[in-house]
Amino acid sequence: MCGIVGLFLKNPKLEPQLGTLLADMLKTMTDRGPDSAGFAVYGSDGTGVKLTLRGPDAKTLAGAVSGLEAALGGVVGATARDTHTVIALEADQETAARDWLSANAPGIDVVSAGKRMEIYKETGLPENVAKRFDLSKMTGTHGIGHTRMATESAVTTNGAHPFSTGLDECLVHNGSLSNHNDMRRRLQHEGITFATKNDTEVAAGYLSWRMREGASLKDALESSLTDLDGFFTFVVGTETGFAVVRDPIACKPAVMAETDDYVAFGSEYRALIGLPGIDKARVFEPEPARVYAWERQTGERH
Amino acid sequence: MAENAKGPRTAPRYSATFTPEVMSEIRRAAATGIYDIRGAGAKRKLPHFDDLLFLGASISRYPLEGYRERCSTEVVLGSRFAKKPIHLKTPITIAGMSFGSLSANAKEALGRGATIAGTSTTTGDGGMTPEERGHSKTLVYQYLPSRYGMNPDDLRRADAIEVVIGQGAKPGGGGMLLGQKITERVAGMRCLPAGVDQRSACRHPDWTGPDDLEIKIGELREVTEWEKPIYVKVGASRPYYDTALAAKAGADVVVLDGMQGGTAATQDVFIEHVGLPTLAAIRPAVQALRDLGLHRKVQLIVSGGIRSGADVAKVLALGADAVAIGTAALIALGDNDPRWEEEYQALGTTAGAYDDWHEGKDPAGITTQDPELMKRLDPELAGRRLANYLAVMTLEAQTIARACGKSHLHNLEPEDLVALTIEAAAMAQVPLAGTSWVPGQTGL
Amino acid sequence: MPVYDLRSAGLRDLNRQLHALRPDTNETHWTVQNPDGAHAIAAGLDAPVTVEIEGNVGYYCAGMNKLANVVIHGSAGTGVAENMMSGFVHVKGDVSQSAGATSHGGMLVVDGNAGARCGISMKGIDILVKGSIGHMSAFMAQAGTLTVLGDAGEALGDSLYEARLYVRGSVKSLGADCIEKEMRDEHREQLFAKLKAAGLAGEVDPSEFRRYGSARTLYHFHVDNAGAY
């Protein structure tokens with residue numbers, strides 16, 4: 001039960017403002033989700049892979065990062081932001097880095113991995129979470145944010161959204177699933193691991209699994225409409241675009257706005273009012289049980 | 001029975017699985033093709049307040065003298081955000097019951113009885129009647145998914161607003177009032193054709209989930225100038241989460257209804273197989289409020305099978321601020337009274353077991369819209385009976401509280417209780433009598 | 001002609017002032033600026049005044065309205081004019097889900113499109129949508145009219161009671177117990193009156209509409225209809 005915001009830029013001139021715009025959008029959704037907040041930002045193109053690490057505090061995290069550097073035999077490009085640090089690796093170092101972290105750095109979580117995506121999330125009011133990570137200074141092509149009012153699972157950082165679903169892929173959710181426990185067991189049998197009892201993490205795991213089996217993101221979202229029960233609005237980020245789908249009953253709110261410069265998503269229209277040119281935007285509500293997806297340069301495709 | 005040449009026959013043996021009641025239900029379903037609809041709450045045996053006992057004072061604790069040493073019973077509901085919270089003399093309130101399911105006389109009697117006792121009564125699905133408003137000093141206005149009879153004037157006339165999300169008899173289900181009771185007046189108030197089955201939705205038409213509930217509560221507060229307490233009523237199923245979310249969404253008061261809580265009409269399968277016993281629901285709800293730092297700031301009203309001052313004292317000791325009674329109030333008015341036994345027999349039932357409230361043929365004139373039957377209930381006399389009963393329950397609760405050394409009912413604590421059964425000990429989270437064992441809490 | 005800047009002066013004060021208006025007030029025309037998608041703007045009015053809102057509004061704008069004329073120069077969120085008793089609400093843009101939900105009277109006109117559940121459980125209101133409406137519209141609609149110049153989404157009129165539905169465009173599917181019914185003179189007259197009330201007399205031809213109503217098979221439970229429950 002939550003607020004969702006998303007911003008996908010078509011016009012590169014807006015890229016320096018991505019963080020500022022997203023931070024304002026996130027703050028307006030505080031009433032919908034005062035427990036925790038998080039966001040994914042798709043920044044500049046990198047050559048290797050970026051891992052976003054989260055630790056209990058900055059010091060522990062810094063210790064783990066220097067340990068990792070020593071183990072990998074070289075300097076990893078590390079950018080620390082409060083409880084999170086992004087490390088830039090060569091693509092072939094990812095496995096070794098993950099193995100070292102899980103063996104030697106208990107309490108350090110890999111929040112996300114991707115060429116472009118970084119995920120930050122913490123408990124607390126959305127405005128404070130955005131400030132801690134300096135969201136307003138971030139730049140990029142698109143971003144997704146989430147404010148959470150926890151329903152059945154605990155108010156923890158792990159329970160905050162977005163959830164990573166794979167390389168450069170993340171998911172946020174508003175609603176409440178009703179078959180996620182059985183689905184979690186099924187996915188665990190398929191080798192997907194889970195850190196929480198959160199229903200959204202199951203949805204993320206479901207998409208990861210479907211895509212691992214060869215489905216496209218769009219196919220995975222299509223099949224989620226039959227395989228996941230309950231109420232949901234999902235917003236999904238990928239390296240080059242983002243996608244939206246609502247369950248067939250579609251009770252949970254969703255508003256979208258599109259201009260020549262961007263596509264934006266908000267749980268309520270309030271979240272969109274600060275966007276440039278919003279007065280002239282095409283504002284619409286996504287239809288139930290229909291997958292919407294946007295890709296960089298290519299515009300909307302269904 | 002003639003004796004067989006082979007010797008005496010074995011005695012007939014009924015199955016414990018296929019009991020006579022089960023077989024009768026199978027035959028009924030096969031004959032009609034309709035699920036069994038009835039009124040009232042769960043009738044099966046459940047762990048309940050009878051399984052708890054109070055530890056009276058002795059040498060380690062000192063009791064209060066009856067009558068002379070005061071044991072307060074007042075309660076304030078809605079002190080969190082409302083400008084005009086409700087002040088009641090007794091923590092025993094009257095639960096929501098609709099005009100339509102009940103006769104106008106019965107609704108009036110509830111208002112009269114509650115007013116004499118210094119407590120509140122509550123409307124139901126179908127709106128507020130002038131008789132009810134006129135005779136109720138403190139009236140809580142229910143705001144339901146169907147919004148039958150929902151009117152902003154009545155909203156402003158109410159003393160508090162109760163957003164109903166569910167009830168204990170059917171958490172997750174909508175209501176139903178069959179055509180027999182949809183008279184012209186009932187139909188008019190609900191904007192329906194007379195005589196049709198009234199189906200009530202299970203979700204509210206313009207919000208779903210706690211984030212949207214918060215916005216709805218905001219609207220209700222705006223419309224009523226932030227004066228009136230906003231209650232949120234849930235059926236007991238996941239009381240920890242539901243109580244926490246109601247509080248997060250901005251409720252002043254959470255009403256928690258266990259599965260023994262009655263209904264005007266619902267599928268028997270729903271009443272008996274969905275939800276939590278009242279006893280099992282209280283501690284998780286109280287814990288949710290404690291975890292949010294809102295215990296006693298957001299008040300908790302518990303209902304579902306409360307019958308006596310002992311039940312009241314036990315509910316309060318487990319952490320609630322007040323209780324609500326429905327079925328017990330109807331019995332006080334005269335429901336299921338043996339004086340109508342002949343007529344109950346004619347309806348194929350017996351006094352004490354009559355629950356076909358949806359058929360509208362109530363011999364006691366309470367759950368009916370039949371003008372002749374309605375006349376049998378004198379609202380003044382019935383109201384007086386209810387007031388007497390409320391007074392007795394309040395005195396009983398005070399008696400127990402004094403014996404436990406409390407000068408206010410709200411000072412009763414879980415530590416004043418022990419349980420007679422392991423089930424009750426686990427659900428109420430109090431020790432099994434004579435032990436220090438709280439199943440699930442202190443080992444094993 | 002009070003002009004109220006919601007961004008600087010806040011919602012509570014606006015609604016308090018609007019609620020204090022008596023039937024004979026001289027302040028009959030209000031303008032609300034910078035609504036910024038706020039919720040419950042002009043909810044609970046009870047006076048014959050006009051409130052013009054210059055921009056987009058959030059949930060429950062003009063909710064529970066009586067007597068007032070509320071004009072929204074923008075789009076409206078969930079539950080615009082919900083449980084309206086009387087008066088007139090005109091949205092120049094689009095509306096989100098549950099527009100006019102459970103409303104007893106008055107008229108709601110939407111120039112754009114309406115989302116899902118338009119007119120859910122309506123109890124006497126007249127709703128006119130110039131664009132199209134979303135799925136599950138007029139669910140359990142009890143009384144009143146829903147007129148749609150565009151198309152209707154899935155499951156129109158599911159579990160319908162006595163509300164009348166007039167749709168000019170296509171209907172994606174009908175809900176349980178909702179059927180197309182003959183358009184007789186009395187219906188064309190009723191439809192014309194609603195179009196006229198929305199300022200469309202002479203612009204839209206009533207004969208282009210189809211009428212949908214309740215088959216009334218769910219009015220009394222029968223085992224053969226159990227699949228519809």
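The structure is a predicted model, in which local features need pLDDT of at least 70 and side-chain atom pairs count only at pLDDT 80 or more, whereas totals for chains, interfaces and linings use all residues. Residues are numbered from 1 along each chain as its sequence is written, and chains are lettered from A and ligands numbered from 1 in the order in which they are written.

In chain A, seven strands form an open antiparallel sheet in the order 7-2-8-1-14-13-15. Strands (E, at least two residues) and helices (H or I, at least four residues) are DSSP runs, numbered from the N terminus, and two strands pair if DSSP finds at least two bridges between them. Strand 7 (117-123) and strand 15 (282-284) of chain A are the edge strands, each pairing on one side only. From one strand to the next, the twist averages 10 degrees. Strand 13 (residues 255-258) and strand 14 (residues 262-266) of chain A run antiparallel and are joined by four bridges; A:Met256 has A:Phe265 of strand 14 as its bridge partner.

Helix 1 (residues 18-28) of chain A lies across strands 1, 2, 8 and 14 of chain A, and runs at about 160 degrees to strand 1. Axes are lines fitted to C-alpha atoms, for helices over the stretch in contact, and angles run from 0 to 180 degrees between N-to-C directions.

Between chains C and B, 36 residues of chain C are in contact with 23 residues of chain B, contact requiring C-beta atoms, placed from the backbone, within 7 Å. Helix 2 (11-19) and strand 7 (123-129) of chain C each give two or more residues to the side of chain C that touches chain B. The largest share, three residues, comes from helix 2 of chain C.

Technical notes. Contact = placed C-beta atoms within 7 Å.
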